[in-house]
Amino acid sequence: YKSATAEKVKKAATLLRDFNWMSKQLYVEMANEDGLNFALAENGILMLYNSTHGEEEEQEVAAEANKLGIKARHITAAELQALEPDFKINAKGAIHYPGDAHLSPALLMTEMKERLAQEGVHFMGGVEVKSFHKKKGKINGVETSNGLYRADTFVVCGGSWTPTFARDLSLRLPIQAGKGYSFTLKNALPNLKHPAILTEAKIAVTPMQSDL
C-alpha cells in the first residue's frame, strides 16, 4: 500500500517494461532455437472497452505505453470487428498492443518437463518438504517425506506457499495468494484470433490453439 505512489510507479515502469521484453524474447528463443512447441502466437492483445470512462482509462494507459516505446494504437469498433470477423463484437472500441504474445501454459510445462528429463533432471512428485538443514548460514540439505536430500544449491519457488518456506529460512518474502476462476471451451471453432481483456468486466479471453 505504501509503495503504491505515482513516483514509484513511474520509477518501476521502465524496469517492468524491460523485464517483459526480455521475457518475451526468451519465449521466442525457446520456441525457435530450442524447438519447444507451446503454441506461441505473436498476435498482440486487445483491450476492449464499452463505456466512455473505460475508453478514457485505456487511452491514458496507451499514451503512457507509447511514451515507454510500447506500441499501442486505438482502434474503432469497425476496425475491431474487422480483426475478429468470425464473431459479433459488442464493444465501443479497443486498444491494440501488437507487440504482445500468448502461449499455452499447459503445453509449455509439459514440453519443458520432457526436455529437462531428457537433459538428466530428476523429478520427484508427491514429496513434501518438511524442513531445511542449515550450516554456517547456508542450506545444505532439505528434509522431506521421502528422506533427506543434500545439494550445493537450492531454489525455493513454491508459489503462494513460498513465504512459509522463507520464514523457516529467516527470509521475508511478501507474496500473497491471488484468487480467480477460469473455464475452458474445448474445440471452440471458430476461435478468436487475438487474446482480449474485457476491461470493465475484468475478464481475460485467450485462444489456445482450438480451445478458448
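Entry 1, salt bridges. I began with lysine 130 and glutamate 128, whose side chains meet in a salt bridge at 3.8 Å from N to O, the term meaning a side-chain nitrogen of Lys or Arg within 4 Å of a carboxyl oxygen of Asp or Glu. Glutamate 128 is partly exposed at a relative accessible area of 47%, where buried means under 20%, exposed over 50% and partly exposed in between, computed with a 1.4 Å probe on protein chains only.

I note here that the model is predicted, that local features need pLDDT of at least 70 and side-chain atom pairs pLDDT 80 or more, and that totals for chains, interfaces and linings use all residues. Residues are numbered from 1 along each chain as its sequence is written, and side-chain values use heavy atoms, with hydrogens and water left out.

Searching the whole structure, I found seven salt bridges. Another of them joins lysine 24 and glutamate 42, with 3.3 Å from N to O. Lysine 24 lies in helix 1 and glutamate 42 in the loop between helix 1 and strand 1, so this pair ties together parts 18 residues apart in sequence; helices (H or I, at least four residues) and strands (E, at least two) are DSSP runs numbered from the N terminus. I looked up the accessibility of both partners and found lysine 24 partly exposed at 25% and glutamate 42 partly exposed at 45%.

I then turned to lysine 92, which forms a salt bridge with glutamate 55, the closest N and O atoms being 4.0 Å apart. This pair links distant parts of the chain, with lysine 92 in the loop between helix 3 (77-83) and strand 3 (93-97) and glutamate 55 in helix 2 (residues 52-67), 37 residues apart. Lysine 92 is partly exposed at 41%, and glutamate 55 is partly exposed at 22%.

Entry 2, aromatic rings. I found two aromatic pairs in the structure, taking rings of Phe, Tyr and Trp (its six-membered ring) as paired if their centres lie within 6.5 Å, with planes under 30 degrees apart counted as stacked, over 60 as edge-to-face and the rest as tilted. The rings of tyrosine 27 and phenylalanine 38 have centres 6.2 Å apart and planes at 65 degrees, so I logged the pair as edge-to-face. Because tyrosine 27 lies in helix 1 (residues 6-32) and phenylalanine 38 in the loop between helix 1 and strand 1 (45-49), the pair ties together parts that are 11 residues apart in sequence. Tyrosine 27 is partly exposed at 29% relative accessibility, whereas phenylalanine 38 is buried at 1%.

Phenylalanine 132 and phenylalanine 165 also form an edge-to-face pair, 6.2 Å centre to centre with 80 degrees between the planes. Phenylalanine 132 is in strand 4 (residues 129-135) and phenylalanine 165 in helix 5 (residues 162-168), 33 residues apart, and the pair links these distant parts of the chain. Phenylalanine 132 is buried at 14%, whereas phenylalanine 165 is partly exposed at 24%.

I looked up the peptide bond joining leucine 189 and proline 190, which is cis with omega about 0 degrees; proline 190 is found in the loop between helix 5 and strand 7 (196-198). Lysine 136, a residue other than glycine, has a positive phi near 55 degrees, sits in the loop between strand 4 and strand 5 (138-144), and is exposed at 81%.
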